[in-house]
Amino acid sequence: MALSGMRGLSVFISDVRNCQNKDQERLRVDKELGNIRTRFKNEKGLSPYEKKKYVWKMLYIFMLGYDVDFGHMEAVSLISAPKYPEKQVGYIVTSCLLNENHDFLRLAINTVRNDIIGRNETFQCLALTMVGNIGGRDFAESLAPDVQKLLISSSCRPLVRKKAALCLLRLFRKNPDVVNVDGWVDRMAQLLDERDLGVLTSSMSLLVALVSNNHEAYWSCLPKCVKTLERLARNQDIPQEYTYYGIPSPWLQVKTMRALQYFPTIEDPNTRRSLFEVLQRILMGTDVVKNVNKNNASHAVLFEALALVMHLDAEKEMMSQCVALLGKFIAVREPNIRYLGLENMTRMLLVTDVQDIIKRHQAQIITSLKDPDISIRRRALDLLYGMCDITNAKDIVEELLQYLSTAEFAMREELSLKAAILAEKFAPDLSWYVDVILQLIDKAGDFVSDDIWFRVVQFVTNNEDLQPYAAAKAREYLDKPAIHETMVKVSAYLLGEFGHLLARRPGCSPKELFSIIHEKLPTVLSSTIPILLSTYAKILMHTQPPDPELQNQIWGIFNKYESCIDAEIQQRAVEYHALSRKGASLMDILAEMPKFPERQSALIKKAEDTEVDTAEQSAIKLRAQQQMSSALVVTDQRPANGTPSGIQLSLVKVPSMSINEDQNMAEQGLSHENGILSKVDPQTPSADLLGDLLGPLAIEGPPGTDVQSQQNIVSGLENVPNTVEAAAIVPVEEQTNSVQIGIKAEWRAHQGRVVLFLGNKNTSPLVSVHAIILPPSHLKIELSLVPDTIPPRAQVQCPLEVVNLRPSRDVAVLDFSYKFGNNMVNAKLRLPAVLNKFLHPISVSGDEFFPQWRSLSGPPLKLQEVVRGVRPMPLLDMANLFNSFRLMVSPGLDPNPNNLVASTTYYSESTRPMLCLIRIETDPADRTQLRMTVASGDPTLTFELKEFIKEQLVSIPTALRSPMAATPAPPIPQPTSPAAALTDPGAMLAGLL
């Protein structure tokens, strides 16, 4: 674009650049904008040159960050100019100013189409470039067929066809449902025979997008891709302009090998042999040279070839050659090459029988831990973590502990976590594991999470032979003048539980243990004091016969903290003080902690959650599932020889992401048992100090459990105190095996965000996966795209956005189907977008309640009903039930002590937040009936809320049956209409509710 002739534009740019500050710039821009507006109003007096000049000025002002909406129409109008200079300006400025959803673009569709189907190649290129840059849905619907014709036209020059391929690629990526590519298999095969490398490169980019969406249809293109690679590898018929530093078209080589990675395997032996010959030539012919540009190009080809070798599961000899080549790269001085070598070596770990070869380079990998570049150190840490096994665990963990002292703060937490996991997984003996964890805490206490020392406590508690050793090591660390607070916690706990085992050792009498622990009390935070108080009580219990002096010292400490402002510390001090005066019975009350049940390590789960490792996103396993979707694929990386988890469908509820919305499952008395929600003893503490040690993934079911029938699942959900929470995700029809489904939800006002977890528990993929939401009319639900395939032992996360439009008790249903083997499986599940999710409890005083109550007089705003068949319950339990429904009970508002008054706020998109008032009148003589009055400013809301509360009161679950009781079949909830229940899905849902 030659701007040298536009003197006014050059002067304006010069004036803006010469401004001393932002205010001067704004004044100059405002002046110019006023001038442009004035000239645009008198459009008839504008010459094409002047109009073009002012549109250029407008683009420059837009690039400075100012609003130029008034000139959009002028830019679009230039597209229809008959001459190239004006048309060029129109296309360029429109591409920069307007996005794909702008209404003005529709005005230009006909002009753009005429340019595309016209005979002027320059105009065709301008139009294709703009459509490819914007890529809107309107363009895709109107122009995609014309672009496809241009691409396969034999009369068009290669320049136009190349732009047509790239334009079609953009339209397909943005709107795959609009662009029709059915029957394009033969045409793509013809395009791959193209001799012009520009058209071939663009067509290969299009093929990558097509096979990523559906590789099954493009098997005929696979031999063509291999022939293209052969042609490039032998440098046959490659024009000089496509040779980059002696490498024939490296971009085309990379795209071709990437396309091949979307095909699961290559069956034809001749094609496979030809491909491996090409890959062998690439591996042998790549080396590190001084020219940076040549290095970048050759290594781009090489690393894509490595990914293809791993994808095709080549012979061990070629794999060894790949590892040896990467070993050379991690030893060179160039940091970029070292980084790529470490990253690709980490990917090689996913291939079987390669780990032993990688171990030969362990010394060089450990040296990379000391590299000045933090990104290289991170890759080295990931590689060491992945290559560690029982044979080299001691060496690697000791290196990590040494490096911990000098590592940056940004890496210490990840380093500590991975060292702890390796020590746990590959410990030759448990005493070594205890040594490693205590060293970790000593060297990097600030970066050691509670999960790490919780895990030590679990191992020590479960292994009696380890207890004296662990207590002695804890005693040694307490001798240090300054130790981290985490070390105080773990040492105090271990000595409290097992310190009596050291009583005969010098310096380990109860009085000496108490003295050395008590020295740390003034230096710790209030969160550590409860552990120390528990330790003092344990020491007092194990001191037999009692030592009056020690007893008085500890009683004095308990007495001091009985008036502490911290409720936890105060409660422990009071209770321990009272218990310690019971004499011999204290031994039974403060007995040793029982052994912990064996569970999956929470440290491994935490590492999976926090790890950001590009190598894990390797094309080896996930290339076929990388689609244009917001769903996330998380592959289960448990070893192949691990215990299989069984093939069953487990319906679970994942704890909510909102801390103030959905109640914690522990507070509700819920626990996971065999993947199903069940009730626990309400007297059991909701969470003890070590209660969440290594809890299993919510989506994972326990290994080896029997398949649960639909009735069992439903009955398990019935026996939950809160039926609304139990309905988090419940079966509507008969369920099947092979899949686990979990859910997370967050609710704020009238909006909700729900994440569905779809897990494949098998060693083979689930294909033809479809998930459709069947929303009721009062909800607007948007579900992200779900991948067509779920890889083996992988989990897919699918976010849903929920908007509440108006009050209703209807429920949304997820229709989930997939193909497993030769069978098509369908499951329907109910989503937790129920009425009370859009309530927000609010506390009201008497001065606020009674005026509102009186103003809502009579039906339909105030409805009253006598509810019979209510399960008898104390008034306090009913109040707790209402609070769990987000209906805040206000005690004392009603003068009758047998009545309850509650209030809440209802949110929906169509109305403002609406106050809802509820009054429950109970009869002490007959708890099976009550009178309920509900009032709000919306008749529909009043009725729906009344019916919702009524359903919850009448369907209160019965007490949990004894697990030993033999029951032939759990009762199935009866729908309100037995006749309709057989055929009507709505009646079935009502019955389940």
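Biologist: What makes strand 13 (residues 813-820) count as mostly covered?

Modeller: In this predicted model, six of the eight residues of strand 13 are buried.

Biologist: What links strand 13 to strand 14 (residues 823-830)?

Modeller: Eight bridges do, in the antiparallel sense. F816 stands opposite A827 of strand 14. The two strands also form a hairpin, with two residues between them. In that turn, G821 has a positive phi of about 70°.

Biologist: Why is Q751 called partly exposed?

Modeller: The relative accessible area of Q751 is 44%. Buried needs a value under 20% and exposed one over 50%; Q751, at 44%, falls in between, therefore it is partly exposed.

Biologist: Where does Q751 sit, and which residues is it in contact with, leaving aside neighbours within four places in sequence?

Modeller: Q751 belongs to strand 9 (residues 751-760). With those neighbours left aside, Q751 is in contact with E746, V802 and V803. A contact requires heavy atoms within 4.5 Å.

Biologist: How many residues lie along the sequence from Q751 to K780, and how far apart are they in space?

Modeller: Q751 and K780 are 29 residues apart in sequence, with a C-alpha to C-alpha distance of 9.6 Å.

Conventions: Residues are numbered from 1 along each chain as its sequence is written. This is a predicted model: local features need pLDDT of at least 70, side-chain atom pairs count only at pLDDT 80 or more; totals for chains, interfaces and linings use all residues. Side-chain values use heavy atoms; hydrogens and water are left out. Buried means under 20% relative accessible area, exposed over 50%, partly exposed in between (1.4 Å probe, protein chains only). Two strands pair if DSSP finds at least two bridges between them.
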